[in-house]
Amino acid sequence: MITLNIMPIAYISKGLRVDETVKSPHKADFSPEKITLLETTAANLPGIIFQILQRQDGSIFIPYISSGCKYLYELEPEAIQADYQVLYKLIHPQDIQAFVESITVCRTTGKPWYWEGRIITPSRKLKWIQVTSQPVLQEAGNLLWNGLVMDITEQKQAQEKLQASEARYQAILDAIPDLMFRISRDGEYLDLKSEGANVTLSREEIVGKHLEELLPSDVVAISQVAIAKTLDSGTLQTCEYKLPTPLGIRDYEARLVVSGQDEVLAIVRDITDRKQGEVALQNLAQKFAKAFSCSPDSITISTLQEGRFIEVNDSFVELSGYERDEAIGKTAFELNLWVHDCNRLNLVQELQTTGVARNLEVEFRQKSGEIITAILSAEVIDLNGISCILAVHHDITERKQVEAQLRLCAQRDRLLAETLVRIRSSLNLEEILQTTVTEVRQFLQADRVFIGLNNANLGIRTLAESVDPKYPSVSGWSTNDEAYLQELRNLLKDNFVRVVEDMTQITISPKVKAHCEKFQTKASLAIPIMLNDELFGALIANQCSGSRHWQPIEIDLLQQMSEQVAIAIHQSQIYQKLAELNTNLEHQVEERTAQLQQKMQEVENLHRVKDVVLHTVAHDLRTSVMGNLMVLKNLLNQGVGSGEQGAGGREQGENSSPLPPAPRPSASFQSPIPISRSIIERMIQGNDRQLTMINSLLEINSCEKQGIEIKHEPVQLSTLLGGTFAQLEPMLTQNQATLKNLVPADLPLVMGDGTKLQKVLVNLITHSLHNNPPGLNFTLSATVEAGMIRTQIQDDGVVMSKLECDRLFDLHVRDPQDCCSTSIGLKMYLCRKVIKAHGGNIGVISNRKRGLTFWFTLPLATSSATIHP
């Protein structure tokens with residue numbers, strides 16, 4: 001645009017006259033169709049569209065210029081049409097000459113006009129523009145210039161940045177003295193950069209060749225592996241190799257990175273001098289190996305600047321935990337030896353200043369991570385022109401630990417002695433406790449130490465406290481939440497020392513967590529104060545500034561202090577109660593003795609009454625039940641009833657009455673009774689259960705008073721099971737149950753009472769049949785374990801909860817809604833009494849998927865197991 005608008009100025013410079021009276025021509029000089037076309041085109045372009053008319057008389061005016069000049073030139077179209085020379089003033093001074101020359105070429109040759117240059121807008125912005133125009137000669141002899149101006153500032157800036165970046169990277173490449181190769185995956189040299197490197201072959205002799213054509217076979221193999229690994233992993237790979245050269249065998253190091261699809265960039269450096277220097281240093285260090293290899297102190301030789309180890313002795317290996325091969329060639333920073341990096345800097349500064357350092361106490365980190373303390377002495381030595389450090393480390397870790405331990409022990413003993421003296425010389429409990437927490441906090445350097453009281457009536461409260469003013473006090477804190485108080489008591493139950501080094505690393509309840517946050521507790525050490533084997537309170541130390549590792553000596557101090565505090569508290573209580581106890585002790589003893597004797601007499605009377613009532617009631621009930629059974633069986637045997645038959649018949653097994661069937665009376669005594677047969681059967685079953693329960697109660701009472709009488713004799717378990725199966729056969733058949741016997745026939749003999757053991761087996765199986773629907777499957781097995789035979793009865797019925805399993809063999813009140821539960825419960829209790837009397841154990845396991853497994857153990861006939869009657 002500038003070129004086209006400024007173009008008349010070029011003609012003026014050649015002597016052309018400009019009509020000064022020409023102002024902004026109107027668009028009416030052109031057809032409406034042309035105006036519409038120009039406006040539409042300008043609106044769709046990011047630049048400026050213009051028309052310049054140069055008449056034959058040399059006058060120039062601008063028929064049209066698009067509104068894009070507002071953005072590009074920061075000028076209104078009317079301002080440019082009024083005075084087009086304002087555009088000439090925008091051209092950068094350095095570009096005016098090129099601008100004039102471009103117009104001259106266009107005028108001379110008649111070719112389209114093209115120019116790129118810079119302008120400076122009224123707001124002092126620098127912009128690049130590109131102008132193109134085609135002059136058209138009209139019939140009247142006027143020359144019409146149609147053109148386009150584009151803003152190319154961003155393209156020019158991007159080109160300048162790209163050129164600068166290319167120049168910078170080219171300078172970097174030129175400054176690198178190493179050889180650079182582009183190599184394909186198959187080993188073909190694609191390109192190289194050899195300026196500044198000592199290369200005997202020309203570029204033409206290398207590019208296009210393969211590795212095997214130029215390098216020895218061993219170097220080719222190393223290179224191919226490195227190339228493949230670089231391309232496959234996409235990471236930097238390094239390899240070293242030797243090559244024969246006119247100067248002899250040289251060492252080279254190649255670093256390979258991915259530079260394109262299936263190609264790598266290899267940077268090759270001659271490291272012969274470095275290798276020779278390292279070898280020379282190692283050889284020189286070997287001369288001193290014998291001198292310091294037997295030293296009890298750690299001795300190292302390392303470079304001054306880097307701190308890279310050249311040689312270490314066996315004592316260093318023992319002290320640091322690193323083997324020689326792990327240490328040599330590495331720096332202390334790479335091995336993470338320095339606990340404080342500033343110690344290394346201070347050492348180097350002192351060595352550079354004086355050349356020697358003596359008796360510096362520093363901390364080092366072993367390979368295991370443990371921190372040790374050593375006395376370091378070092379001196380600068382020269383090895384083949386390289387400044388190195390000869391350092392000797394004397395381990396004083398144990399000495400420092402012993403010194404610290406002795407100081408702490410002395411302070412602890414002093415504190416304990418002073419506390420003991422106060423306790424013996426003073427009865428002021430408040431003063432003793434306050435002095436104790438103050439001195440303990442000073443010794444521990446803790447943020448808070450306090451003594452808490454555990455009282456059933458008063459709750460938990462603070463007796464004495466010493467706290468850093470920066471942190472909140474727990475004195476006066478209280479709560480009515482009994483559940484929370486009980487939780488705090490449980491933390492110190494059973495005289496357990498509670499050590500918490502970081503509250504955030506343990507699992508605590510929300511209430512305890514909120515309590516810790518309220519008082520800013522980060523670490524805690526709590527020692528219970530026990531009086532008469534009961535929790536009286538606790539001596540507690542808190543760290544509020546952060547987590548803390550509690551030392552054993554600190555824990556030991558608090559434990560001893562808690563004992564002294566307990567003595568002081570107990571002593572105070574004794575002194576308070578001594579006068580009162582002395583006045584009424586004898587009276588209380590006599591009164592309590594009389595009360596005890598009276599209670600004992602009452603208990604004896606109650607036991608006698610219980611025995612009389614039990615025997616009387618049991619005898620009367622047993623007589624009544626047996627009479628009912630006899631009558632009911634007679635009625636049943638006479639065929640009385642409406643003909644209804646019970647689906648399952650009368651219960652068998654444990655509910656069977658011990659009474660023999662009554663004789664059938666003669667026909668002359670038969671009389672119709674309107675009672676269903678099933679009702680009679682149910683009445684018989686109920687009386688059977690009552691009789692069984694009464695017998696069980698009598699047996700339990702006898703066991704409690706006299707114990708179970710066991711006839712110990714060798715018993716063959718397989719024979720015992722045979723008799724038991726015969727007894728269980730009707731019951732199993734009635735309940736459609738099966739029993740699989742997996743007990744080996746060659747099991748050793750057991751010591752026991754066969755009759756009572758049979759009852760145990762029957763009762764266990766009866767329990768499963770009672771609590772499951774028909775169709776139950778039993779599996780019986782036995783094994784020998786540690787001088788005992790373990791017998792298991794497994795079924796596939798319903799399961800029980802853990803609480804039910806734990807209480808199955810206990811004597812407790814059963815479900816009143818279950819008419820048989822009490823009877824079966826009594827039998828389960830008797831089972832345990834019988835097995836215990838044999839010297840074994842009994843239990844039940846609820847299987848994960850289905851069913852129960854009853855088990856009991858019995859001693860072998862040769863076992864020395866103790867039998868408990």
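The largest cavity is lined by 29 residues, and F450, L488, L492, H515 and I540 lie nearest its centre. A cavity here is a set of points, on a 1 Å grid over the protein atoms alone, where a 1.4 Å probe fits but cannot get out, and lining residues have an atom within 4 Å of a point. This is a predicted model, in which local features need pLDDT of at least 70, side-chain atom pairs count only at pLDDT 80 or more, and totals for chains, interfaces and linings use all residues. Residues are numbered from 1 along each chain as its sequence is written, and side-chain values use heavy atoms, with hydrogens and water left out.

**Cavities**
- The whole structure holds six cavities of 30 Å³ or more, a volume being the space filled by probe spheres set on grid points joined across faces, edges and corners.
- The largest cavity contains about 550 Å³ of space.
- Its lining takes at least two residues from each of β16 (448-455), β17 (459-467), α17 (482-490), α18 (510-518), β19 (523-531) and β20 (534-543); helices (H or I, at least four residues) and strands (E, at least two) are DSSP runs, numbered from the N terminus.
- That lining comprises 17 nonpolar, eight polar and four charged residues, where Ala, Val, Leu, Ile, Met, Phe, Trp, Tyr, Cys and Pro count as nonpolar, Asp, Glu, Lys and Arg as charged, and the others, Gly among them, as polar.
- About 260 Å³ of space lies in the second largest cavity, and of its 23 lining residues T300, F309, W338, F364 and H393 are closest to the centre.
- The lining of the second largest cavity has 13 nonpolar, seven polar and three charged residues.

**Helix packing**
- Helices α21 (residues 717-734) and α22 (residues 754-770) pack at an angle of about 35° with axes 10 Å apart; axes are lines fitted to C-alpha atoms over the stretch in contact, and angles run from 0 to 180 degrees between N-to-C directions.
- Among the residues that meet are L720 and L721 in α21 and G754 and L757 in α22, contact meaning heavy atoms within 4.5 Å.
- The residues of this contact divide into ten nonpolar, six polar and no charged.

**Confidence**
- Mean pLDDT (the predictor's confidence in each residue, from 0 to 100) is 79 for the chain, and 78% of its residues reach 70 or more.
- Over residues 641-659, pLDDT stays under 50.

Note on methods
On a 1 Å grid over the protein atoms alone, a cavity is a set of points where a 1.4 Å probe fits but cannot get out, and a pocket is an open set with protein on both sides within 12 Å along at least five of seven lines; lining residues have an atom within 4 Å of a point.
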